[in-house]
Amino acid sequence: MQGESAETPLIRSYMPELDSARGIAVLSVVFYHGFARPLHADVSSIANSIFVLSQYGWAGVNLFFVLSGFLITGILLDSKSRPDYFRRFYMRRAVRILPALYLMLLTLLIGGLASVRFTVISAVFLANFAGLMGVGLGYAILWSLAIEEHFYMLWPLIVRTVSTKALTYLAAIICIGSPLLRLFLLQNPVPDHFAALYTWFNLDGLSLGALLAIWLRNPSFRRHQLARSAPLVMVASGIAFIFLVRHPVEDATVAKTACNLCFAGFLSCLLLVGTSKWKILVDRHVLKFFGFISYGLYLVHIFAFYLIDRLLTPQLTNLIASGRPMLATLLRFCAGLALATAIAYLSRTSIEAIFLRIGHGPNTKSSVLLPETVSAIQIDS
C-alpha cells in the first residue's frame, strides 16, 4: 500500500474502523441470542443453516476481548507517564461502566429476573464465579463483563510498574498459559459448564490485543511487517477454528485461542485498510453506530428479547403453529433488536453521556454524544 497508507499512522487519535469492529462484535452476540430455534418446528435447509450460523455468534465476545486488550493497553502505555495515570483511568472506567450496569441490575432485580445474591455478586464483578458460589447465572452476558473488569482492575498497575519488555513477556505468557489451563482443566466440558467462565480461562484474547498494542508502538515496528503477517494469521487461525470447534474438548480449550488469533489478525487488517485508500470499506456508518451504542446494546439485548417474547407471544405462537417458524424467528429478532437499539441509544445519549462528561472533565464537548469522538472516549464508548 502506497500513498496515503505510507503517511497515515496505524495508531491515531480516532480509529473509525475499530468502532466498526465493535459494531460487528455486538451484532454477532445479538444474532447469537436472537436467533433461537423454535422448539418442535421443522425448518427449511436455508433456515437451518442460518440457525447453525447463529450459534457461532458467541465469538463476538472474543472479538470484544481482543479489542479491549488492544485499546486499553494502548491508552495505558500512552498515558504511563501522567501523574494522574490511575485516577484518570479508573474514573473514566467507573463513569462509563457503573451507571448503566447498576441500572440494568436494578431493573432485573425489580422485574424478578435475577436473584438478590446474583445481583450483589454482579455488582462487584463476580458474575463469572456465580457457579463457584452456588448462585445461578441470572443474566448470562454479565460473565464476560466481569472478566473485562478484572482486566481493568489489574492491568493498569502492571503496565505502570513493569517495563515494556517485561509487559510483552507477561502478555505472551498469559496468552499461552490461559489455553493451557483450559486444556488441562476442562477435559470434560459441557456447554453450560461454569468453570469455563472463570477469568483465568479467558485471558488469551485480552493478552493478544495487548501484544498487538505493544508491537505497534515499538520503535522498530514497520507497517510491512503487519501487512505480511496479519492476513496469514487471520486466515490460518480462522480455518483452524472451523476444524477445532467441531470437537467438544478442542472447542472448549484451543478453539477459542484460534478464534482470538483470527480476531487479532482481523483487527490488524482493519487498521491497515483503515489507513489506506480503501478505508471506506471499514469506515461504515451503520457499524459505527452500533459500535457507538455497543455497551448498552450488549447489556440490554437479552432483556429486550425477554420483553418481546412476552409481548408477542400470541403472534409468535400462531406463526409457529401455522408452519412459519422462520418468520416467527425473524419477527422476534427484528423486534428485539429494534427495542434493544432504542434503549441502548437513549442510554448512550442521556445517562451514559452525562457520566462521561463527568469522567472527562467539565470542558468535554458535546461530541461525546456522537460516534466520531476522540481516542479516550473511543475506548470508553
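Predicted model: local features only at pLDDT ≥ 70, side-chain atom pairs only at ≥ 80, totals over all residues.
"Buried" here means under 20% relative accessible area, "exposed" means over 50%, and anything in between is partly exposed (1.4 Å probe, protein chains only). Residues are numbered from 1 along each chain as its sequence is written, and side-chain values use heavy atoms, with hydrogens and water left out.

**The overall picture**

- The protein chain has 18 helices and zero strands; these are DSSP runs numbered from the N terminus, with helices (H or I) needing at least four residues and strands (E) at least two.
- Out of 381 residues in the protein chain, 50% count as buried.
- Take the contacts (heavy atoms within 4.5 Å) in the protein chain with a separation of 6 or more: 75% of them are between residues 24 or more positions apart.

**The nonpolar cores**

- A nonpolar core is a set of buried Ala, Val, Leu, Ile, Met, Phe, Trp, Tyr and Cys residues joined through side-chain atoms within 4.5 Å.
- The largest one has 91 residues, and L101, F118, L142 and L299 are the members that touch the most others.
- Helix α4 (residues 59-78) gives this core its largest share, 13 residues.
- Setting aside residues up to four places away in sequence, L142 touches L101, L105, F118, S122, A127 and L299.
- There is also a second, separate core of six residues, with F129, L186, A196 and F201 among them.

- T119 sits in helix α6 (residues 116-123) and is buried, with a relative accessible area of 11%.
- The T119 side chain reaches the backbone oxygen of S115 at 2.8 Å. That is a polar contact, meaning a pair of N or O atoms within 3.5 Å; within protein, one must be able to donate a hydrogen and the other to accept it, and residues adjacent in sequence count only if both atoms are side-chain atoms.
- Beyond its neighbours within four places in sequence, T119 is in contact with L105, L109 and A114.
- F125 belongs to the loop between α6 and α7, and it has a positive phi of about 60° although it is not a glycine.

**How helices pack**

- In helix α3 (residues 45-54), the buried residues include A47, F51 and S54. They sit on the same side of α3 because they cover an arc of only 60° around the axis, where the arc is that of the directions from the helix axis to the C-beta atoms.
- Turned away from that buried side, the other face of α3 carries the exposed residues S45, I46 and L53.
- The cover over the buried residues of α3 includes α2 (16-34) and α16 (325-349).
- Helices α7 (residues 142-161) and α8 (residues 164-185) have axes that come within 10 Å and cross at roughly 145°. Those axes are lines fitted to C-alpha atoms, for helices over the stretch in contact, and angles run from 0 to 180 degrees between N-to-C directions.
- On the α7 side the contact is made by W155, I158 and V159, and on the α8 side by L167, L170, A171 and I174.
- Sorted by class, the contact of α7 with α8 has seven nonpolar, no polar and no charged residues. In this scheme Ala, Val, Leu, Ile, Met, Phe, Trp, Tyr, Cys and Pro count as nonpolar, Asp, Glu, Lys and Arg as charged, and the others, Gly among them, as polar.

**Two buried arginines**

- R93 is found in helix α5 (residues 85-110) and counts as buried at 6% relative accessibility.
- The side chain of R93 makes a polar contact with the side chain of Y152 (3.5 Å).
- R93 and L356 are 263 residues apart in sequence, yet their C-alpha atoms are 9.3 Å apart in space.
- R332 lies in helix α16 and is buried too, at 14% relative accessibility.
- Leaving out neighbours within four places in sequence, R332 is in contact with H33, G34, A36, F305, I308, D309 and L316.

**A buried loop leucine**

- L197 has its place in the loop between α8 and α9 (204-216), and at 16% relative accessibility it counts as buried.
- L197 and F129 are 68 residues apart along the chain, with 7.4 Å between their C-alpha atoms.
- Not counting residues up to four places away in sequence, L197 touches N128, L137, W143, I147 and N202.
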